[in-house]
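Visitor: I am new to this structure. Could you show me how to read a few of its features?
Guide: Gladly! Let us look at it together.

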Amino acid sequence: MSSLRQEFSKGLILENPVLRLVLGTCPTLAISTAAINGMGMGVAATLVLLGSNVVISLLRKVIPDRVRIPAYITIIAGFVSIVQMLMKAYLPTLDKALGIYLPLIVVNCIILGRAEGFASKNSVLASAVDAIGMGAGFTAALVSMGIIREFLGAGTFFSLPVTSQFIEPIKVMVLPPGGFFVFGILIAVANSLARRKGRKPVDSLGCHGCAGCEACPAGQSEEGKLNE
Amino acid sequence: MNNLITIFLAGILTENMVLSKFLGICPFLGVSKKLNTAVSMSLAVIFVMVLSTLVTYPIYANILVPNGLDYLQTIVFILVIAALVQLVEIFFKRFVPPLYRALGIYLPLITTNCAVLGITLLHFTKEYNFVEAIVNALGAGVGFLVAMVLFAGIRSKLETCDIIKPLNGLPITLIAASIVALSFLGFSGLVG
């Protein structure tokens, strides 16, 4: 039981997919303009992650090693389509706000990374718990970034006005540059906290979970080959 | 014709894929340390983007929509792009070895790159016709190249800077990206 709890909690803090592993940067930057969008994206990705982790873990002895990446992508794309259709039917406004970033969950490194790195080697229960933990970590990071950007850039908290009536909000924070800026500061904070606890700070993009890793020269030797 | 020029310029300046849509952030931050790798990567992205638009657009418009299968868009597109990149890689390796040596290693990277899937999906949310879609893909690809080249230059300067410890590494790279994105905001209203 304690190991399951560990699988869950590692995704939240120690191995937070966004702030510690630096995966899924594209949706993190694009969607975090408002806290509620971050929440929607996080929940959608968690559902996909849960579904794909469970199915891949169930099929881990059936899928031949050589075609595993295409097989994983197909499974993930299936779940993404289900989530897309559900969202279109029940939450059309959120679906509009997420736009193309919803189907882009297919190529989100977090999901493929967990499929390749965890679900393909572990039992169904552990994979499900891992998915929920990682999904929660992703959601937490997206929502906190959404709260910061929304507060600074629009003066609201989950669309409720806070300072917007009497302070002119810093609009650029909800525009693309603000995304890069807030993300940079958050990584710096996470790094400082990690250093204080005696852990290694992240200094490069965590592309190790990416599906192209095997073929990609960047993944094999810490960007070694590419930058020689 | 004017329309096409607008789409092309918008792809590079006002709706830059990396700096305003956050597509392809991984290669933007990961492969932009050296100018020549940044350029090769971008050329491979341009090539794959235009090619996948050429293939996925007719599939969606002529096969999926008439048969009421448009909900399969995501699955079909990612599989078609993956297969296409694989084919291109094999073809290059066999028939154009110099091109393979220059771009080949970047091709598998691009399959799971959100930029290519993102652009092929964007054509339909913007309701472009076939020609517009191809121009849009080309513009987005060139926009990626511009962003990569600019950023590679900035990063080579960053290497020699003395940066305070908490910001060193990835944080300062992101803040630099933020400043580049800010300067691209200056183009807003220019086209489209």
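Visitor: Which residues make a nonpolar surface patch of about 340 Å²?
Guide: Keep in mind that this is a predicted model. The patch is formed by F8(A), L12(A), I13(A) and I132(A). To place one of them, look for F8(A) in helix α1 of chain A, which covers residues 2-12.

Visitor: Is F8(A) buried or exposed, or something in between?
Guide: Its relative accessible area is 31%, so F8(A) counts as partly exposed.

Visitor: Now the two chains. How much area do chain B and chain A bury between them?
Guide: The size of an interface is often given as the accessible area lost when the parts come together. Here chain B and chain A bury about 3900 Å², with 78% of that on carbon and sulfur atoms. On the side of chain B, the elements giving two or more residues are α2, α4, α6, α7 and α9. The biggest share comes from α9(B), with nine residues.

Visitor: How many residues are in contact, and how many pairs are in polar contact?
Guide: In contact are 45 residues of chain B and 47 residues of chain A. Three residue pairs across the interface are in polar contact, while zero salt bridges are found there.

Visitor: And V116(B): buried or exposed?
Guide: V116(B), in helix α7 of chain B, has 1% relative accessibility, and buried means under 20%, so V116(B) is buried. Beyond its neighbours within four places in sequence, V116(B) contacts V48(B), M49(B), S52(B), I81(B) and I110(B).

Technical notes: Residues are numbered from 1 along each chain as its sequence is written. Chains are lettered from A and ligands numbered from 1 in the order in which they are written. This is a predicted model: local features need pLDDT of at least 70, side-chain atom pairs count only at pLDDT 80 or more; totals for chains, interfaces and linings use all residues. Side-chain values use heavy atoms; hydrogens and water are left out. Patches are made of residues with over 30% relative accessible area and no salt bridge: like charges are joined within 9 Å, nonpolar side chains (Val, Leu, Ile, Met, Phe, Trp, Tyr) within 5 Å. Accessible areas come from the Shrake-Rupley method with a 1.4 Å probe; for residues, only the protein chains shown count as cover. A salt bridge is a side-chain nitrogen of Lys or Arg within 4 Å of a carboxyl oxygen of Asp or Glu. Helices (H or I, at least four residues) and strands (E, at least two) are DSSP runs, numbered from the N terminus. Buried means under 20% relative accessible area, exposed over 50%, partly exposed in between (1.4 Å probe, protein chains only). Contact means heavy atoms within 4.5 Å. Buried area is the accessible area (1.4 Å probe) that two parts lose on being put together, summed over both. A polar contact is a pair of N or O atoms within 3.5 Å; within protein, one must be able to donate a hydrogen and the other to accept it, and residues adjacent in sequence count only if both atoms are side-chain atoms.
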